[in-house]
Amino acid sequence: MSIDLPAPLSRYFLLANGEPGAHVEQCFAADATVRDERQQHQGHTAIAAWVAQTRAAYQQHVVPLQLHVQDGRHIVSAQVGGTFPGSPVVLTHAFTLEEGGIVALDIH
């Protein structure tokens with residue numbers, strides 16, 4: 001299934017899936033914050049390390065399934081598969097966008 005996502009979100013999912021040429025700076029604001037697995041990562045360096053660590057640990061593949069906008073946030077349900085117990089699962093990615101970039105991402 002293919003859904004129409006704003007450009008920063010499309011670039012994020014390319015990054016999350018390990019696409020060559022996809023970089024944190026292409027989708028996240030410089031001081032963006034990501035919250036995932038009860039941890040917080042802020043700024044390009046920390047977010048890039050989180051992406052690399054997650055890909056190495058789980059070899060995940062993320063497929064966006066559905067998008068809706070609620071309270072100014074873009075909420076994406078995505079199927080996440082990889083080398084973790086219970087794979088695949090559907091997780092909610094709640095994005096806050098400002099000036100063409102992601103300033104916050106909460107995954108649960």
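## Basis of the model

Helices (H or I, at least four residues) and strands (E, at least two) are DSSP runs, numbered from the N terminus. This is a predicted model: local features need pLDDT of at least 70, side-chain atom pairs count only at pLDDT 80 or more, and totals for chains, interfaces and linings use all residues. Residues are numbered from 1 along each chain as its sequence is written, and side-chain values use heavy atoms, without hydrogens or water.

## The sheet

Six strands make an open sheet with mixed pairing. Their order is E2-E1-E6-E5-E4-E3. Two strands pair if DSSP finds at least two bridges between them. Strands E2 (39–42) and E3 (61–70) are the edges, each pairing on one side only. From one strand to the next, the twist averages 20 degrees.

E1 (residues 28–36) and E6 (residues 101–107) run parallel, joined by four bridges. Thr 33 stands opposite Ala 104 in E6.

## Helices on the sheet

Helix H1 (residues 7–16) packs on the sheet. H1 touches E1, E3, E4 (73–81), E5 (89–98) and E6; contact means heavy atoms within 4.5 Å. The direction of H1 makes about 135 degrees with that of E5. Axes are lines fitted to C-alpha atoms, for helices over the stretch in contact, and angles run from 0 to 180 degrees between N-to-C directions.

Helix H2 (residues 43–58) lies across E1, E2 and E6. H2 runs at about 45 degrees to E1.

## Two buried residues

His 93 sits in strand E5. Its relative accessible area is 2%, so His 93 is buried (under 20% relative accessible area; exposed is over 50%, partly exposed in between; 1.4 Å probe, protein chains only). Leaving aside neighbours within four places in sequence, His 93 has contacts that include Tyr 12, Phe 13, His 74 and Asp 106.

Asn 17 lies in the loop between H1 and E1. Asn 17 counts as buried because its relative accessibility is 18%. Beyond neighbours within four places in sequence, Asn 17 is in contact with Arg 55, Gln 60, His 61 and Val 62.

## The largest pocket

The largest pocket holds about 320 Å³ of space. A pocket is an open set of points on a 1 Å grid over the protein atoms alone, where a 1.4 Å probe fits, with protein on both sides within 12 Å along at least five of seven lines; lining residues have an atom within 4 Å of a point. Grid points are joined across faces, edges and corners, and the volume is the space filled by probe spheres set on them.

Of the 16 lining residues, Asp 36, Glu 37, Thr 54, Val 80 and Leu 91 are closest to the centre. H2 gives the largest share of the lining, four residues.
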